[in-house]
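This report is for a reader meeting the structure for the first time. Please look at the sequence and the model before reading on.

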Amino acid sequence: IAAAIMPELYKIPKKTALKRMLNFNTPPLKNTTAEPVWKVLIYDRFGQDIISPLLSVKELRDMGITLHLLLHSDRDPIPDVPAIYFVMPTEENIDRICQDLRNQLYESYYLNFISAISRSKLEDIASAALAANAVNQVTKVFDQYLNFITLEDDMFVLCNQNKEQISYHAINKPDIMDTDMEVIMDTIVDSLFCFFVTLGAVPIIRCPRGNAAEMVAVKLDKKLRENLRDARNSLFTGDTMGAGQFSFQRPLFVLADRNLDLATPLHHTWTYQALIHDVLDFHLNRVTLEESLGSEAGARPKKKTKKSYDLTAADQFWQKHKGSPFPEVAESVQEELDKYRAQEDEVKRLKSIMGLEGEDEGAISMLSDNTAKLTSAVSSLPELLEKKRLIDLHTNVATAVLDHIKSRKLDVYFEYEEKLMSKSTLDKSLLDIITDPDAGTPEDKMRLFLIFYITAQQPPSEGDLEQYKKALIDAGCDLSPLNYIKQWKAFTKMATTPANYGNSGVKPMGLFSRVMNTGSQFVMEGVKNLVLKQHNLPVTRILDNLMDMKSNPVSYFCPSFEIQDTIHSSIPRNKNPFQEAIVFVVGGGNYIEYQNLVDYTKAKQGKRVMYGCSELFSAAQFMKQLSQLGQK
């Protein structure tokens, strides 16, 4: 029974926690026909980032949220409506809440803080409520412990706002003060503590020695122990445990440091989700494209417009193909398009029955009639139109990705980098690609060279390095990232052995079966059909060793953490291989690493893994941070 229910339970239960909060901190009733209580939602930027990837505007409306407004925007009084606040307990936010109380903006106030609020700030709110004669209107005050952003059922990041404060650059600055580092570590630990409270689990922590990950581990260990000692107020006992998710075994929590592997974040990728993040504007599960509007012949071209698409769990095509190699995605989009075209006559027939030729599709939901014909049309047409919307969405997104692949020869970069990381022989020299004016942007060339430099067993000789530098400068590259990588490589050579990327590599296939057809939306001529071989990246290899209790070349330790006997008293300590694990990268992560862990769990029957990182950066954003660190 346990094996049957665990996969369903092993998800970050954050959406449930948010829905409970929006229902005045009581569980929403299932299968109820009662009208929801209408209310307004007031959030800050942190709250907005937490809610937006998980709950759509429609879902908010279904829960009775008539308005959702930013805390620091100009808001008019709505005196007969309750307000749910979801904000960080900052000085600025507390002042604004006190001002709202004085201005009598709402009927009642449900104050939900993303992280735990201090006693002194709570007293400030109490004083303001007393002065405004609004004590009875402050109905509830909650610490929600939701200070992290869930992007997938098995993926989370710590923050989006002020992420530069805990970035790779911030942690690795050579002139960082000890007090600044303490603040960074405390910020990360606060969010990780919130994550485990939401999960309802006390982890077994493993981390490498001698870097930022160890500092996080020690502080998190201390915070968890202090909470468990306070039996009356512990967040991990009784009703607060997350539905018994980990009642059979405590999860393994692997803290990794970004410096363990600097090549993967720079790597050009070949899977759909990671490619979108690399080449397009993909942010909190929303991709924004520039689309140029058509213009009449001879007329001035119209301005480009921006269009945004949400890529969510509700999109079945996305769920199925986000981890697939791009050529496979292009074929699948084309197949879906062909299937829909076969149904277009049915759409026209249904619209004709409903008298909707040329009508706005939004009018469909307004119709109601008792005839069997119309009832059938009303139920079938919205489904077909939704399918068409998703096909159009992925056609537009995949076309935009394909434009980047073709114009920058990203398939060539991906193939070469895979060979470098797996120590395979190259078809032609790196200098040929760097000096090819048609192959990629200066940034693409720099990323390729950095991967060569990071993964090389022996660094190039001074003479060769000068030749490479000259070619990179001639190609328009900024050499600042290389300056930093040289310093990093010199340091890591003294500290540890270089990361092992395994026997990865790719094999080119023959011509595309369908997408080469003249009728295809995707003209793939000149693009290689590369098939990925399954291989484990450094973070995945470390996780595999730790989950299966294998010997591990990297020195990992567990802080001295003994749980009270009242919790998990029957669980054996570190004797059986782990079935559940959370991997967290201090210093930033990426979709390539996430997808590698997803592929790993598919190959390991019964294993379940979550991935988290302090920030999620694209290669361009990571290059910018390396550039800042390498500037002299």
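The text below covers a sheet, the helices on it, a helix pair and the cavities.

The model is predicted, so local features need pLDDT of at least 70 and side-chain atom pairs count only at pLDDT 80 or more, while totals for chains, interfaces and linings use all residues. Residues are numbered from 1 along each chain as its sequence is written, and side-chain values use heavy atoms, with hydrogens and water left out.

**The sheet**

Five strands form an open sheet in the order β2-β1-β3-β4-β5, with parallel pairing. Strands (E, at least two residues) and helices (H or I, at least four) are DSSP runs numbered from the N terminus, and two strands pair if DSSP finds at least two bridges between them. The edges are β2 (65–70) and β5 (138–143); each has a single partner strand, so one side of each is left without a neighbour in the sheet. From one strand to the next, the twist averages 20 degrees. Strand β4 (residues 106–113) runs parallel to β5 and is joined to β5 by 5 bridges. F113 stands opposite D143 in β5.

**Helices and their angles**

Angles run from 0 to 180 degrees between N-to-C directions, and axes are lines fitted to C-alpha atoms, for helices over the stretch in contact. Contact means heavy atoms within 4.5 Å. Helix α2 lies across β1 (39–43), β2, β3 (78–87) and β4, while helix α5 packs on the sheet and touches β3, β4 and β5.

| Helix | Partner | Angle |
|---|---|---|
| α5 (residues 91–102) | β4 | about 165 degrees |
| α10 (residues 272–279) | α20 (residues 591–603) | about 175 degrees |

The axes of α10 and α20 are 9 Å apart. These two helices are therefore roughly antiparallel, a term for angles over 145 degrees. Q273, A274 and H277 of α10 meet Y591, I592, Y594 and Q595 of α20. By class, this contact has 4 nonpolar, 3 polar and no charged residues. Ala, Val, Leu, Ile, Met, Phe, Trp, Tyr, Cys and Pro count as nonpolar, Asp, Glu, Lys and Arg as charged, and the others, Gly among them, as polar.

**The cavities**

The structure holds 3 cavities of 30 Å³ or more. A cavity is a set of points on a 1 Å grid over the protein atoms alone where a 1.4 Å probe fits but cannot get out, and lining residues have an atom within 4 Å of a point. Of its 13 lining residues, H277, D278, N590, I592 and A619 are the closest to the centre. α10 gives the most to this lining, with 3 residues.

Conventions:
Angles under 35 degrees count as roughly parallel, over 145 as roughly antiparallel, 65 to 115 as roughly perpendicular and the rest as oblique. On a 1 Å grid over the protein atoms alone, a cavity is a set of points where a 1.4 Å probe fits but cannot get out, and a pocket is an open set with protein on both sides within 12 Å along at least five of seven lines; lining residues have an atom within 4 Å of a point. Grid points are joined across faces, edges and corners, and a volume is the space filled by probe spheres set on the points.
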